[in-house]
Amino acid sequence: MPVFAYKALSSNGAVTTGEIDAADRPEALRMLDRRGLQPVNLKESTSPMRAARKPADKDKTEDSLRQKTKAGTKEDIIPEGPIKLKRAEVVLFTEELSDMLSAGLQLEPALKSMENRQELGNLKAVSFKIRQIVRDGVNFSVALKKVSPSFGSLYCSLAAAGEASGALDTILKRQAHYLKTLADLQARLVLAMIYPAFLVLAGIGVSIVFVTTLIPQLTKLIESTPGGKIPLGAAILIAISEFLSKWWIVILLTLVAAAIFFKAWRDNEANKPAWDRMKLQLPLIGRVITSRFYVQFLETMANLVGNGLPLLRALELSRDATPNRLLRSHLDQVIDQVGDGRSFSKALIRNGSFPPLLIDMISVGEQTGKIDQSLRRAAERYDKELDKDLQRIMALIMPTVLVIMAGLIGTMAYLMITAIFQTIKNLG
């Protein structure tokens, strides 16, 4: 078995050296980790001590490691397979890691520090697994994909962009801000939808009472009246009530089947470009998606270019971090034109899908030689526009639901009252 010579830091900060038997380098790193040592240098030993090493020493080392494992090591509590995280845990992981990287800590020691925290829950296991993979020479973004699906493709693509530009801490900090903004938006949406949801449930309950109780009784009353004639509005209401009473199971099954079919259609890889195009055309929602793309694209480009990455490579990484396939195709065209020697602003103009204000701000940055600052100012501007769009949508939810429910319940009540008055007139 190979022998590896190591130089490592113990938990109290002392430097220790020695040799360790392991099948390969990753196994040697794991054995050092079990001993509580942070490796500084590790390489396969070629000294004569390798041949003179006694089997008894090897057995003693293995017995010592077994005893430590029985006493409880990290691997005993690390679950197998991918680990799912809540959004709050992803935000906490991103904030903690970006803060430590910004303070000058390297990636592996930062992950080690998070791994030793007591209150991080599942993040301890995630940090341990990521650190093991990163220590074997794998990129951080690839390790994220392997360890947990909760980070998502967008998160991993942005992490890859941060690694390529040397601005991983900045990228993670902006991603944490984005995730917190998204969580705050969802919380506000839930709070704003409580009252409308109550109105919707109340309206559905009233409609069921109308359909199952009041309308049948009104129908019998009108039919028993001498010369009774059902008004047109009441007749329509009664016909709808009879149809729903007779076919409600079929309607429910049809809606469920339609939802399943739509989900299968949307998840089909061949239909995803069409679905992405449809999302951009939705009223209000499409504008929010587009604004969010501009903010993310401009911020990513500003970080990459500001850290010295070539423009073409920055565009490629920004394209990889774009989830919408239609918008990604626009960036493909821009990348092709920039690769042919055109300027960034000219490529955006020829594409025809980007707003003139964005192009003008980028053109100013190209002329002044400070394109990263222009990109960041454009990102801040579109971030403000995005916030306005979101506030507009939140403000429209309540009155829209109120108008719909008032129209539905009011129409049914009006038709009922009209039928009752007609019955009283017939009796007179």
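# Confidence, aromatic pairs and helix packing

Reader: How are the rings of Phe262 and Trp265 arranged: stacked, tilted or edge-to-face?
Author: Both residues lie in helix H11 (residues 232-267), 3 residues apart, which is about one turn of the helix; helices here are DSSP runs (H or I, at least four residues) numbered from the N terminus. The ring centres are 6.3 Å apart, with 25° between the planes. Planes under 30 degrees apart count as stacked, over 60 as edge-to-face and the rest as tilted, so the pair is stacked.

Reader: Which element of the chain has the lowest mean pLDDT?
Author: The chain has a mean pLDDT of 77, and 84% of its residues reach 70 or more. Over residues 47-76, however, the pLDDT is below 50, and where pLDDT is low, the predicted coordinates should not be read in detail. Helix H15 (residues 325-339) has the highest mean, 89, whereas the lowest, 42, belongs to helix H3 (residues 55-72).

Reader: How are H16 and H17 oriented to each other, roughly parallel or roughly antiparallel?
Author: The axes (lines fitted to C-alpha atoms over the stretch in contact, with angles from 0 to 180 degrees between N-to-C directions) of helix H16 (residues 344-351) and helix H17 (residues 356-368) come within 8 Å and cross at roughly 160°. Angles under 35 degrees count as roughly parallel, over 145 as roughly antiparallel, 65 to 115 as roughly perpendicular and the rest as oblique. H16 and H17 are therefore roughly antiparallel.

Reader: How do H12 and H15 lie to each other, roughly perpendicular or roughly parallel?
Author: Helix H12 (residues 272-281) and H15 pack with their axes 7 Å apart, at an angle of about 95°. In contact (heavy atoms within 4.5 Å) are Lys272, Pro273, Asp276, Arg277 and Leu280 of H12 with Arg325, Leu326 and Leu327 of H15. From the angle, H12 and H15 are therefore roughly perpendicular.

How values were computed
Residues numbered from 1 in each chain as written. Predicted model: local features only at pLDDT ≥ 70, side-chain atom pairs only at ≥ 80, totals over all residues. Heavy atoms only, no water. pLDDT = per-residue confidence, 0-100. Helix = DSSP H or I, 4+ residues; strand = E, 2+ residues; numbered from the N terminus. Phe/Tyr/Trp six-rings, centres within 6.5 Å; stacked < 30°, edge-to-face > 60°.
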